[in-house]
Amino acid sequence: MNVVVCVKYVPDTEAPIRIRADGRGIEESGLPFKLNYYDEHAVEEALRIKERTGGTVTVVTVGPSTAAQALRQGVAMGADAAIHVEDPALDGADHLGVARALAAAIAAQGCDLVICGKLSTDDNASVVGPALAEFLGFPQATAVTKLELSDGKATAHREVEGAVEILQVVLPAVITVERSINEPRYPSLPGIMRAKRTAIAVKTLGDLGLTLEEAGGVAARTEVLGYAPPPRRQAGRILEGEPVEMVKELVRLLREEAKVL
Amino acid sequence: MEFDLSEEHRLVQSTVREWATSRLLPLAAEMDRSGRYPPELLLELGEMGLMGVFIPEAYGGGGMNAVSCCIVIEEIARAEAALSAVVSVNNSLVCYPIFAFGTEHQKRMYLRELARGRKVGCYCLTEPTAGSDAASLRTTARDAGDHWVLNGTKIFVTNGVEADVLIVYARSDAESGSGGISAFIAERGDPGLAVGKVEHKLGIRASSTCEIVLEDCRLPKDRLLGERGKGFHIALATLDGGRIGIAAQALGIARAAMEDAVAYAKERRQFGRPIAEFQATQWKIADMATRIQAGRLLTYRAAWIRDQGRRHTKEASVAKLFASETAMWAATQAVQIYGGYGYIQDYPVERHFRDAKITEIYEGTSEVQRMVIARQLLGTST
C-alpha cells in the first residue's frame, strides 16, 4: 500500500506568539517551528500500515523553504520519500489553495491512501484534509481514532457525542487522524542520517500544472483581516469571611458575574 | 567558521529533548530517591540509536559523530543526570574502545547489542590504590595458555551492577607503570567475576556505583581487547572521548540549574515583586548563561576536533574542567536563588547541586585535568 501523508511545519505551541506590526499575521522571526503534532500521528499511522502490508510512505508539504524540516522529520521517522510544493505565489494562499496544490502533487504521485492530521495547531481550521478529498474526488473520514484496512476498503472509527461512529470508505481515500489513534515513534539517529541523504522533490505550481488563479495567493477566497491576542486572564479573587457567607457570595458571583450557573 | 548546529544535529537535539522532557524528567525525582533507573528506558534509547551514537549503522549504532553524542548527553542530563552517566559510559567508555580496538569478531559480538540498549556496559579501571594514578593498578591477568586468569578488585564502577559487558584493565606483564597493562572484555556471569560493595552516593543516585571483584576470573583468549601490553594507551584514548561526554553531562546539569532558577525567579515574589527584578538575581543568571555558553563552545570544539580524527587530549580536558566547574557553580547559584526552598528535596535544584559534584571528580578530577592540560603545554611527563 502506497500512502501519502500531508504535513505542516507550524509554530511550537509552547512558544509565545507575537502579532506582526501590520496585524495581518504573526511575527515569525525567532519563532521556533515544529512538525504539527497531529501530523506526527498521521506519519506514525502510515508507517504502521507500511510495516504491516509493505509499500511506501511519502510525506508532502506546501510551504516556504523552512517547511522542508517537517519533511525531514517525517523521513527521519521512517518515510521513504518527500515532496515539497514551494512557490512564492503560494504566499497568502488560503486553505483551499493549499488543498488544491496538495491535491495536484498527490494526483501526480498516485497513491492508495492519504493521511492528514485532524487539524494543524496554528490555524485550527480542519479544512485542508476535507477539501483535499473533494479536489481528489476521494471519499473521506475525519478525526479518526482507529483505522483498519482490508480488501480495498478502510474502516474508520470516529468519536462522536457519546458513541463511536464506524465508517467504511472505499480506497483511495483521505483519512484525517486524531491524536489518540497511536503513539508516534521518535526519529532514530540512523533515520536522521537517512533524512539528510534523501533528496526532497521540490515542485512549483507550474510543475503541478496549476495556475496562479487556481491555487496562488491571488486565488484566495478568504482574507485575514486581523489578529488580536486573547484577552488577558484576570487575577483570581479570594473570598473572605465565614464559610456560609463565602458560599453564598460564590454562588452569587457564579450566577451574576461569571454567568455559569 | 561555522557556529550553527547542522540541520541533522538540530533534529537530534529536538528529538532527544522531547524524549527526555516527556519520558525522563517526570521520573527524575523518584529515580533519585529510589536509586535506580527503569531498565526499559535503555531500550527506548537504544531504539533511537542513542546508546551507540557514533557506532556505524552496520554495527547497529546511530552512525553519527562525537558532536551528536554531546548533544544527546546534554539533553538527557538536562532532565536526569544519572541516566546520562549510564549513556555516556556506554557510548564513550564501552562502545568506543570495542569499536576502535576490537577485532571484527568482538565488534560483531558486542556492538549491536550495546548500541541497541539490549545490553549495557561499564568500565573498570579505578582500584583502591590506583585512582588518579591509574598506571599503578594492581589487578593481574595471568596467561594460562588457552585462557586468561584475572585477579584484583575494581572500585567506583559506574553502572557495574547492571552491566552485561565490562571493559577491564589488568597487568598482564611484569613491567611496572603504564607498560604491561592490557584491556579485556568481561561479561556478566564469567566465572570468578562478582559485584562487590554497592556504594551510597551524594548524587547521580539512580545509576549504580560498585566494586567489581575478580577472583581467579577465567576469560577466554579472545577477550583480550587490542594488543597485549597496550591497555594503558587504550585507557587514555578512551578517556579523551569520555571526558567530552562528561563535559556534555555537566552542561546539561548546569542548564537544568539555570532553567529552573529562571522559572523560579520569575514566580517567587518578595518585597512586592518577582525576585527576577532584583539585580542580585539577574547577575547570577547572566553569569550562569555566560559560563554555560562558554562551556558548550569548548565542548563542541573538543568533539569537533575528535570528529576530524585529530589529537584532542588537551581540548577534552579543557572542556571537561570548565564545564564541570560551571555545573557546580551554576547549581550553587541556583540553590542560592531558591533560598531555603533550594535546600529541601521538594524542588529540583537540590538534586542538581548533588548531581553536579561528581562531574568534577569522575573520569579525572579537576586536578588531573589541570595536570593533563599543563603537561600538554609544558611538555613534562609528570
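A residue counts as buried if 20 or more other C-beta atoms lie within 10 Å of its own, as exposed if 12 or fewer do, and as partly exposed in between, with C-beta atoms placed from the backbone. By that rule, 53% of the 382 residues of chain B are buried.

Before I go on, the model is predicted: local features need pLDDT of at least 70, side-chain atom pairs count only at pLDDT 80 or more, and totals for chains, interfaces and linings use all residues. Residues are numbered from 1 along each chain as its sequence is written, and chains are lettered from A in the order in which they are written.

Chain B has eleven helices and ten strands; these are DSSP runs numbered from the N terminus, helices being H or I of at least four residues and strands E of at least two.

Now a helix pair. Helix 7 (residues 231-267) and helix 9 (residues 313-338) of chain B pack with their axes 8 Å apart, at an angle of about 20 degrees. Axes are lines fitted to C-alpha atoms over the stretch in contact, and angles run from 0 to 180 degrees between N-to-C directions. Helix 7 of chain B is therefore roughly parallel to helix 9 of chain B, a term for angles under 35 degrees.

Last, the chain contact. How many residues does each chain give? Chain A gives eleven and chain B gives 16, where contact means C-beta atoms, placed from the backbone, within 7 Å. On the side of chain A that touches chain B, helix 5 of chain A gives the most, with five residues.

Key:
Contact = placed C-beta atoms within 7 Å. Parallel < 35°, antiparallel > 145°, perpendicular 65-115°, else oblique.
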